[in-house]
There are 2 protein chains.
Amino acid sequence: MVTMRDVADAAGVSIATVSRVLNDTRPVNESAQRSVHRAVEELGYRRNLVASSLRRQRTRSVAAVVPHIANPYFPRLIQAIERGLAADEHQLLIADSQDDPAVERDRVAALADRQVDGLLLVPCHEHDSAASLEGLALPYVLVDRTIAGLAADRVGSDDVAGMRGVITHLRARGRHRLVFVGSAPDTSTARQRLEAFLAEVGPDAPILLGDYSLDWGRRAASMLLARAETGHDGLPDAVVCDNDLVAIGVVRGLRDAGVDLPRAVAVTGYDDVGFAEVCDPPLTTVHQPVDAIGQTAVRLLLERAGGEDPAPREVRLAPELVIRASTAGGGSR
Amino acid sequence: MVTMRDVADAAGVSIATVSRVLNDTRPVNESAQRSVHRAVEELGYRRNLVASSLRRQRTRSVAAVVPHIANPYFPRLIQAIERGLAADEHQLLIADSQDDPAVERDRVAALADRQVDGLLLVPCHEHDSAASLEGLALPYVLVDRTIAGLAADRVGSDDVAGMRGVITHLRARGRHRLVFVGSAPDTSTARQRLEAFLAEVGPDAPILLGDYSLDWGRRAASMLLARAETGHDGLPDAVVCDNDLVAIGVVRGLRDAGVDLPRAVAVTGYDDVGFAEVCDPPLTTVHQPVDAIGQTAVRLLLERAGGEDPAPREVRLAPELVIRASTAGGGSR
DNA sequence: GCCGAGTGGGAAAACGATTTCACCCGACGA
DNA sequence: TCGTCGGGTGAAATCGTTTTCCCACTCGGC
């Protein structure tokens with residue numbers, strides 16, 4: 001390994017001078033600068049960032065912990081984060097909490113041991129994730145979701161507004177028999193979307209809660225069909241889902257059973273993942289400003305990592321209703 | 001920050017002893033062990049991995065550089081890699097090369113400066129990516145794709161076999177007028193899939209080359225429709241795509257134009273991303289053993305990082321044809 | 001000729017761990 | 001009684017940087 005020592009020897013100066021030239025921290029004689037640069041070039045010297053980090057007490061690296069990397073919403077978020085960081089010469093370290101608070105806690109601790117300068121956390125649980133941050137001496141920003149009772153920076157979108165927009169839209173299209181299909185409200189976003197639905201439609205509105213998957217959407221569709229069979233009021237005229245994966249599952253489940261979509265039943269999603277647009281019928285959904293969320297989160301975090309210590313900030317970006325064919329046509333009664 | 005010095009003082013031993021207890025590198029008196037453990041507990045000591053890395057000359061971290069994190073194939077790969085690494089107490093550092101060899105090169109260099117123990121690279125270009133590895137003194141494994149003329153470990157799947165399987169299947173279903181729609185053969189996988197197609201169907205078989213996106217699939221569909229309009233031989237009876245994104249775009253494009261899928265035209269994809277199954281019609285595609293690819297890549301890399309230096313190994317895992325409705329029904333002539 | 005200010009540069013002390021080296025002590029065999 | 005062997009320990013060197021501290025020199029003004 002080529003070290004600063006080697007460069008210093010080759011350039012005929014001390015390592016202190018090499019460091020000054022490379023970091024431009026103090027004025028150095030022109031000719032010394034030139035010979036240092038030449039030596040660096042000739043020897044192919046590259047700074048060892050581990051040593052640098054140890055001495056400077058900062059690593060220029062940031063950790064991101066997400067519940068499940070493979071879920072289509074997170075890669076886009078990670079992409080935005082990675083770009084924001086790279087623009088500032090920071091490196092991204094990634095961990096997947098596998099939707100398990102215990103794993104999340106381990107991963108956060110391991111990353112803190114690596115002396116990352118900050119943490120971006122998408123908490124996997126509204127309550128249990130609190131333990132992941134306990135006693136952590138590290139700037140962090142919560143992304144997308146919050147943790148109950150924790151005053152911290154958070155960047156996300158306004159889920160109540162988003163869900164209200166969906167319901168307003170459906171009603172304007174003459175849909176009035178709404179069912180909610182979502183994931184269990186273990187996260188702040190799932191809870192808020194559910195609560196917004198109940199607040200708009202009524203506390204006794206029908207809801208089905210499962211997990212965040214295509215398969216759950218399919219099963220929920222069967223449940224709706226079974227319920228319609230056994231009397232009651234037939235199918236709802238709109239199914240409101242709290243994410244796109246579930247919505248697409250519902251669409252498949254209903255279509256496979258021969259239900260006339262979207263005429264008989266409208267379906268809405270949430271998140272606007274890439275496939276929502278090419279689904280058949282294309283899915284009406286709530287677009288999350290995911291680039292802005294990622295970039296803002298990075299900005300807030302780097303501010304804190306840079307020593308600023310403002311009161312906790314809550315940034316709620318406006319989501320946007322994207323109307324597509326899955327809510328076209330009028331209600332059937 | 002609590003350092004080993006603090007622990008040593010609290011336990012009444014030297015820092016050397018603390019290190020020995022924590023790393024179990026040399027026998028230490030029982031009672032000393034106990035007091036060290038107690039001190040660690042009481043002070044909440046956590047090892048500083050930056051300092052440890054500097055001294056040990058290894059960071060227990062591995063870098064992964066992928067062309068585009070948000071493309072649905074890569075998150076699954078990253079997930080497999082992350083799990084494999086976490087099981088071995090290694091941390092994953094991620095970078096996105098944005099499909100640009102120059103960016104790729106920068107990112108790889110930045111990661112090497114961080115002294116990662118190894119690199120997993122999905123090269124963004126079959127030729128130009130060679131520059132990213134030039135003069136790199138770091139164990140690496142190529143994942144999914146290869147680089148021309150480079151003898152290195154590589155883990156991927158057998159694209160020729162996969163593409164052959166698709167064509168055999170289509171012919172068995174009576175489809176004989178095949179068109180290939182894919183991305184430009186800048187990567188080894190795209191090239192091999194294209195070449196396998198040409199080898200099977202004939203060197204003059206019709207092909208359309210674009211990029212790796214839904215939108216290109218849609219545009220390709222319009223081109224096929226336009227061509228069919230202007231005389232010639234009408235539409236092909238099967239469209240063979242070199243990835244699922246493009247295939248789904250083609251499906252949408254044809255359906256929107258009123259083409260009867262899959263009766264009139266069969267469409268196949270490649271990769272088996274999650275949405276292939278819920279596409280309408282569900283997409284016949286080639287499933288990549290992505291978990292196995294990720295795990296194997298990690299294993300090979302850690303072997304090399306551990307000091308082994310075998311001859312370059314090429315691991316080609318068998319892909320699997322997944323037959324779904326998009327290739328059902330017989331050809332129309 | 002002396003002083004103060006301003007440049008430029010090197011030696012050495014950090015940063016926080018791991019590891020080498022040297023040594024002590026008790027037990028054991030001759 | 002005398003090596004010597006092995007467990008147990010600590011001081012100090014080490015990893016490769018950054019930064020502090022100090023010194024040497026020049027220049028301008030008196």
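In what order do the 4 strands of the open sheet of chain B stand, and is their pairing parallel or antiparallel? In this predicted model, local features require pLDDT of at least 70 and side-chain atom pairs pLDDT 80 or more, whereas totals for chains, interfaces and linings use all residues. Residues are numbered from 1 along each chain as its sequence is written, chains are lettered from A in the order in which they are written, and side-chain values use heavy atoms, without hydrogens and water.

The 4 strands follow the order 7-6-8-9 (chain B), and their pairing is parallel. Strands (E, at least two residues) and helices (H or I, at least four) are DSSP runs, numbered from the N terminus, and two strands pair if DSSP finds at least two bridges between them. Strand 7 (207–210) and strand 9 (266–268) of chain B lie at the edges with a single partner strand each, so one side of each has no neighbour in the sheet. From one strand to the next the twist averages 15 degrees; angles run from 0 to 180 degrees between N-to-C directions, with axes fitted to C-alpha atoms, for helices over the stretch in contact. Helix 10 (residues 214–229) of chain B packs on this sheet, touching strand 6, strand 7 and strand 8 of chain B, and its direction makes about 150 degrees with that of strand 7 of chain B. Contact means heavy atoms within 4.5 Å. Strand 6 (residues 178–183) and strand 8 (residues 238–241) of chain B are joined by 4 bridges, and Val181(B) stands opposite Cys241(B) of strand 8.

A second open sheet, of 12 strands and mixed pairing, has the order 11(A)-5(A)-4(A)-3(A)-1(A)-2(A)-2(B)-1(B)-3(B)-4(B)-5(B)-11(B).

In chain A, the axes of helix 8 (residues 159–172) and helix 9 (residues 188–201) come within 8 Å and cross at roughly 40 degrees. The two helices of chain A are therefore oblique to each other; angles under 35 degrees count as roughly parallel, over 145 as roughly antiparallel, 65 to 115 as roughly perpendicular and the rest as oblique. Residues of the contact include Met163(A) and Ile167(A) of helix 8 and Ala196(A) and Phe197(A) of helix 9.
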